[in-house]
Amino acid sequence: MIPRALFPASLRPSTSPLESNARRPRAGIRSLGLALAILAGSTVARAGESDYTFAIGLAKRGYFDLGEQVLKDMAAKPNATPADKVLARLGQAGIMRQAAEKELDDKKKVDKLREAVKIYGDTIKGLEAANPQYWSAVFEYADCLQFIAQTIAEQIKDMTDKSQKKSLQSEGLQALDNAGKQLDAIADHFEKDRTTNPDSENQWKKAKYYRAINYYFQAQVYDRGSLERENTLKRGAEAIDNLLWDLDAETDPVAFYALIYKGKCLGERSLENSSKDDLRGAKTSFEGVTVLAEQEANLDHFQNLVEGAYDEYAKLLLEWKDYVGCDQFVKEMRKKFGKRPVQGPGWEAECSQADALHQLGKDEEALTVAKRVSEEAKGTTAGKHANEILAKLVKASGGAGGGSSEASLGVLISAARGLFDAGKYDEALTVYQQAAVKIEKPDDQKTHGGATWNAIGKCFVRLGRQQEAGIAFLEGAALYPEPKDRLVENSLAANDSLGAFAKLTGSEFDKAKAKEAHELAAKVSTGADFAYSTAKDQMSDGRFAEAYESFKKLDTTAGTKFDNSRFYMATAAFDEGQRLLTKEKNEAKANEWFAKIASDAKEYADAINDPKNPAADTTVADSRKQTQAAFVFFDAKGHAVKKEAAKVVETLKGFFDTYADQEQLVPSALLLETTALCDLGKMDDAEQLVTSLLPKLGNSTDLTKALGAIGEAHRTAAKPLGEAIKAAREKKAEPDPKQVAEWKDHLGKGADILSQWSKRPGANPTAVRLMQIGEMYQDTEQWEKAADVYADVLQRTKDDTRFDKRDALMLRYGQTLIALARTKPEKYAVAEAIYPEIYDTNCVQPGKPGPDGKKQLKVVPSIMLDYATVLGGALEVDKDGKVVHQDDGVKKYDKALELYGILATKLTNSSKFPDEWIEAKCGIAWMMYKQKSSEASTILTNFDRTNRALIDVSPVRAKFDYLKKLLFVPGSSDKKIEIKKSDKK
């Protein structure tokens with residue numbers, strides 16, 4: 001499953017001020033909200049901290065029981081308010097679920113989750129829906145229920161006790177059913193104002209997403225090979241399909257995560273039923289994500305998504321035992337995307353490739369692939385997986401697997417790491433010792449010496465051989481290179497070695513050895529590396545205020561090596577300000593932090609311009625320039641968070657001229673300023689800005705987003721104008737010409753910009769979004785552009801059963817073609833091809849035929865009149881009785897006459913459609929005239945006698961009077977046109 005750390009912030013379901021640890025990789029979606037031990041705050045409780053914060057700090061350091069007790073005491077205090085008690089209860093449940101994540105025993109894990117679920121459920125019952133904590137608690141409740149089901153699914157995989165297994169399955173399914181109900185409630189609540197409230201839209205979207213993939217978790221609870229599992233996977237794919245249309249997502253990561261889960265549903269179903277169709281469906285879903293890679297020059301935003309899709313499809317091919325296909329797929333992906341930010345396919349995909357190569361007997365190739373992943377993905381789940389594969393390959397070959405000495409050494413170390421991670425310490429020690437023997441070259445000693453002996457020491461510790469461990473740790477520390485030559489991670493690893501040595505119990509080493517250890521510690525560590533790493537950890541943990549101070553101190557003490565610490569200072573100040581503003585609603589404190597960014601920017605600019613502090617070289621100068629740009633950018637971002645659009649624009653004034661070479665920041669700044677300009681109603685200025693940067697940014701995702709924002713701003717600005725125009729017309733009044741002109745201007749510009757946006761890399765507009773562009777063109781009477789858009793959408797969705805707006809699309813396309821046919825009569829033939837479907841869908845009643853054997857009809861005058869126009873042509877007459885336009889359609893007058901006749905009969909004496917009734921009568925006469933029928937005038941004469949009062953007030957009167965005059969000899973109102981029989985068709 002996809003680790004939560006990969007999910008974009010917008011998808012993380014917490015609605016509370018607390019966030020779970022985004023650094024923690026885990027299977028599936030685990031925490032929806034509050035792994036409460038990761039509160040933004042200190043790792044050490046300080047005087048004056050609340051009981052709650054202190055409890056969270058305890059839990060963060062792993063003291064879950066103590067944290068729970070503090071919260072229980074907090075709720076029991078005599079002066080505890082109801083809100084305090086609720087907070088304590090939710091905090092207690094959050095700590096329980098976090099403790100469950102750390103628990104390795106599945107049974108104990110489920111027990112802890114059961115307790116958390118009970119607390120969440122009881123707490124929710126005592127809250128009102130209006131309480132700000134209510135919906136946060138419901139989200140957490142749903143998450144805990146899903147987590148229970150996931151854990152149960154893991155627990156019962158190899159269970160042989162059928163009775164116990166059935167009981168657990170029942171509990172898991174019940175938990176998911178309850179989770180689904182909670183998520184439905186959340187979606188219903190936030191749907192009410194989601195179109196006007198971005199936060200509600202976000203919460204609704206998250207609830208719908210987690211509801212859709214609930215089916216995937218349900219399938220994991222069912223037995224493999226069961227019909228229930230197969231059907232549930234199918235339902236999961238269908239639910240995600242429905243979600244994708246509801247989202248109307250363009251480049252929304254939520255949609256692409258959903259596509260991955262759809263692929264997982266179809267992929268697992270294909271393994272259940274050996275269906276190649278489901279396998280193809282899974283591939284199509286994964287390709288729906290990977291296609292982004294083909295369109296994006298900058299994949300930073302989508303890297304995790306793309307790699308996730310590669311990983312899943314490669315694993316699926318491996319499980320199908322299509323080893324050749326798996327190998328070829330991953331090679332193709334790496335070749336295709338190897339030069340992009342995505343380092344070839346995802347690491348897990350390459351692990352699957354290595355496994356496939358091993359199955360094909362190509363162990364040399366498998367070793368190469370697994371070693372690369374082991375090195376590139378060090379410390380990740382994929383890196384551990386690669387190490388396990390290396391260990392398997394080394395064990396199978398009885399050694400390093402051949403190859404050069406250097407390559408063999410690397411493979412041995414990676415393989416040993418895999419064995420260690422798997423808990424096979426004896427085997428890991430053996431392979432590490434084989435590696436240590438090969439460490440002879442000076443370069444090998446620098447690269448591998450210290451780390452290898454450090455690992456040997458850890459193996460000895462796990463095996464209880466303390467004295468041998470101490471010797472290994474000292475050996476490792478001595479082999480680390482001098483500070484100026486080593487990497488940060490080597491320094492930290494050396495400190496780890498010495499720290500482990502110091503913690504050994506029962507050691508027989510004397511004081512001389514202890515002194516040696518201290519001297520080595522001083523030799524391998526300057527402190528700056530460790531301080532930098534600590535500051536980064538503070539950022540990751542959400543302790544932004546502490547991180548700011550750490551980076552500030554580091555900047556003044558560590559020299560140019562950590563020049564980018566200023567960049568992180570600006571980031572930390574912004575993040576703390578945003579946290580205070582959005583989470584704690586403390587605007588005054590937030591403003592203090594945002595102000596720090598501006599003051600730091602000035603201080604840093606003065607330092608750069610100081611003649612006594614010149615840039616040492618180009619690299620340092622570029623780094624400082626990038627840092628200065630970051631201060632300006634984060635200052636503007638602070639104004640954006642406070643919704644001060646004018647200040648955003650002012651802050652970024654001159655940014656693009658001054659920092660045009662800072663490619664990392666320019667696209668984000670462009671999007672920031674474009675959004676601000678749109679908020680100020682200055683869409684033309686925003687478009688000019690985007691156009692000026694188009695040559696530089698090219699395929700930037702942010703530029704694509706900026707275009708989309710401008711187009712949407714125009715569409716939003718047009719809405720109230722359109723409503724005012726509609727209201728005036730409903731009152732039979734002429735709308736304000738200025739409003740009409742402004743409305744058309746916004747729609748026309750918006751449609752052109754959104755059309756440009758839709759064709760750019762990374763846009764991936766949905767069919768619904770394209771329809772909206774077509775509607776904007778249609779409303780501004782740009783018929784050809786509208787017709788092209790509608791035709792494109794029809795082509796895209798021709799085989800897509802999920803697309804539920806086809807009827808509306810066909811109708812709009814038909815209307816557009818009729819309007820376009822005024823100047824391009826050949827479009828009538830195109831319209832004729834689609835109108836039978838429009839007519840059958842909207843006007844023919846489903847069910848049994850009537851007494852006459854024909855299908856029952858539902859009268860839809862607008863569609864019948866338009867269809868008749870396609871068949872028989874249009875006649876438009878102005879109020880003065882002059883013909884504005886006329887044509888012959890496709891000249892199928894008999895069919896048109898039949899339609900007009902049906903409509904006229906159905907609307908006889910209709911009070912709802914009087915104008916359409918007159919229109920139908922005119923159409924009958926007009927078609928008869930074109931067929932040279934002597935009965936043409938009779939139709940109008942009889943109708944005129946009985947309905948003149950109705951005709952006189954109808955907007956169709958001018959056409960009626962024109963036809964009446966046309967069908968009679970000039971100068972006589974009674975004499976019919978004489979038509980000889982030989983003239984008739």
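The secondary structure of the chain comprises 42 helices and 2 strands, where helices (H or I, at least four residues) and strands (E, at least two) are DSSP runs numbered from the N terminus. The structure is a predicted model, in which local features need pLDDT of at least 70 and side-chain atom pairs count only at pLDDT 80 or more, while totals for chains, interfaces and linings use all residues. Residues are numbered from 1 along each chain as its sequence is written, and side-chain values use heavy atoms, with hydrogens and water left out.

Of the 985 residues in the chain, 49% are buried (buried means under 20% relative accessible area, exposed over 50%, partly exposed in between; 1.4 Å probe, protein chains only). The chain exposes about 46900 Å², of which carbon and sulfur atoms supply 50%; accessible areas come from the Shrake-Rupley method with a 1.4 Å probe. Among contacts (heavy atoms within 4.5 Å) between residues at least 6 apart in sequence, 61% join residues at least 24 apart.

Two helix pairs are tabulated here, with axes fitted to C-alpha atoms over the stretch in contact and angles running from 0 to 180 degrees between N-to-C directions.

| Helix pair | Axes come within | Crossing angle |
|---|---|---|
| α6 (residues 162–191) and α7 (residues 198–212) | 8 Å | roughly 155° |
| α30 (residues 666–679) and α32 (residues 701–730) | 8 Å | roughly 5° |

Helices α30 and α32 are therefore roughly parallel (angles under 35 degrees; over 145 counts as roughly antiparallel, 65 to 115 as roughly perpendicular and the rest as oblique). Their contact involves Pro667, Ser668, Leu670, Leu671, Thr674 and Cys678 in α30, which meet Asp702, Leu703, Lys705, Ala706, Ala709, Ile710 and Ala713 in α32. By class, this contact has 9 nonpolar, 2 polar and 2 charged residues; Ala, Val, Leu, Ile, Met, Phe, Trp, Tyr, Cys and Pro count as nonpolar, Asp, Glu, Lys and Arg as charged, and the others, Gly among them, as polar.

Helices α6 and α7, by contrast, are roughly antiparallel to each other. On the α6 side, the contact residues include Gly180, Leu183, Asp184 and Phe190, and those of α7 include Gln203, Trp204, Lys208 and Arg211. The contact of α6 with α7 divides into 7 nonpolar, 3 polar and 4 charged residues.

Two individual residues complete the account. Thr571 lies in helix α25 (residues 565–583) and is buried, with a relative accessible area of 13%. Leaving aside neighbours within four places in sequence, Thr571 is in contact with Met539 and Phe634. Lys72, found in helix α2 (residues 64–76), is partly exposed, with a relative accessible area of 41%. Lys72 and Gln92 are 20 residues apart in sequence, and their C-alpha atoms are 7.6 Å apart in space.
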